[in-house]
Amino acid sequence: MKIAFIPLALAGALSACQPNKPASPEELKAVIVSYFDCVTRKDFARMKTLTTSDFVIYENGKIVDNDGLIEIIKGSPIAKATFSLDDVRINVDASSGSMIYVNHGEFVNNDASTMTRDFLESAVFKKIGNEWKLHFVHSTVKK
């Protein structure tokens, strides 16, 4: 009985040391697409569920957390915003990931005027439990 136990214990110990399976890059992309969808729909409660508790965005020289971003959105003359991502490059392992991309934004103001902007952005993700969360975004207007 002892002989059979040793190989089983060894196999269990070795499997416990195996690294977690890396996530698919598409899982990270889905998080950030959902986040920008929440920004578009002004779904502030859902925005917060997609981010870590210490999430920040660096945008054009300012450091803003979710609450600060929500206040900016609430005070903005923008009535409608849509976002699309291009040139997406993602790196991911079992517990963290990063993404660089161009974010194309189209904005309609309350007075019906429109504008478009391209942003150069990068994002960092953390796996919290079994969920991917957005941890950090850096955004600057493309010149």
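**The nonpolar core**

Start with Ile32, Phe125 and Leu134, the residues with the most contacts inside the largest nonpolar core, which has 25 residues. A nonpolar core is a set of buried Ala, Val, Leu, Ile, Met, Phe, Trp, Tyr and Cys residues joined through side-chain atoms within 4.5 Å. Buried stands for under 20% relative accessible area, exposed for over 50%, and partly exposed for what lies in between (1.4 Å probe, protein chains only).

This is a predicted model, in which local features need pLDDT of at least 70 and side-chain atom pairs count only at pLDDT 80 or more, while totals for chains, interfaces and linings use all residues. Residues are numbered from 1 along each chain as its sequence is written, and side-chain values use heavy atoms, with hydrogens and water left out.

Now colour the elements that give two or more residues to this core: helices H2 (25-41), H3 (44-49) and H4 (66-74), and strands S1 (51-59), S4 (96-109), S5 (114-128) and S6 (131-141). H2 gives the most, with 7 residues. Helices (H or I, at least four residues) and strands (E, at least two) are DSSP runs, numbered from the N terminus.

Select leucine 134 next. Its contacts (heavy atoms within 4.5 Å), leaving aside neighbours within four places in sequence, include Val31, Ile32, Tyr35, Phe55 and Phe125.

**Serine 139**

Go on to serine 139, which is found in strand S6. Is serine 139 buried or exposed? It counts as buried because its relative accessibility is 1%. Not counting residues up to four places away in sequence, serine 139 touches Tyr58, Glu59, Asn60, Phe119, Leu120 and Glu121.

**Aromatic rings**

Show the aromatic side chains. The whole structure holds 6 aromatic pairs. Rings of Phe, Tyr and Trp (its six-membered ring) pair if their centres lie within 6.5 Å; planes under 30 degrees apart count as stacked, over 60 as edge-to-face and the rest as tilted.

Select tyrosine 35 and phenylalanine 36. Their ring centres are 6.1 Å apart and their planes stand at 75°, so this pair is edge-to-face. Both tyrosine 35 and phenylalanine 36 are buried.

With tyrosine 35 it makes a tilted pair, 5.6 Å centre to centre and 55° between the planes. This pair links distant parts of the chain, since tyrosine 35 is in helix H2 and phenylalanine 55 is in strand S1, 20 residues apart. Tyrosine 35 has a relative accessible area of 3% and is therefore buried; phenylalanine 55, at 3% relative accessibility, also counts as buried. To see the whole aromatic cluster, select Tyr35, Phe36, Phe55, Phe83, Phe107 and Phe119.

Strands pair if DSSP finds at least two bridges between them. Strand S3 (residues 78-92) runs antiparallel to S4, and 12 bridges join them. A hairpin with 3 residues between the strands connects S3 to S4. Find isoleucine 78, which stands opposite asparagine 109 in S4.

S4 also pairs with S5, antiparallel, over 13 bridges. Here valine 108 stands opposite threonine 114 in S5.

Most residues other than glycine have a negative phi. Where is alanine 112? It is in the loop between S4 and S5, a hairpin with 4 residues between the strands, and its phi is positive, near 75°. At 57% relative accessibility, alanine 112 counts as exposed.

End at lysine 42, in the loop between H2 and H3. Lysine 42 has a positive phi near 60° and is partly exposed, with a relative accessible area of 38%.
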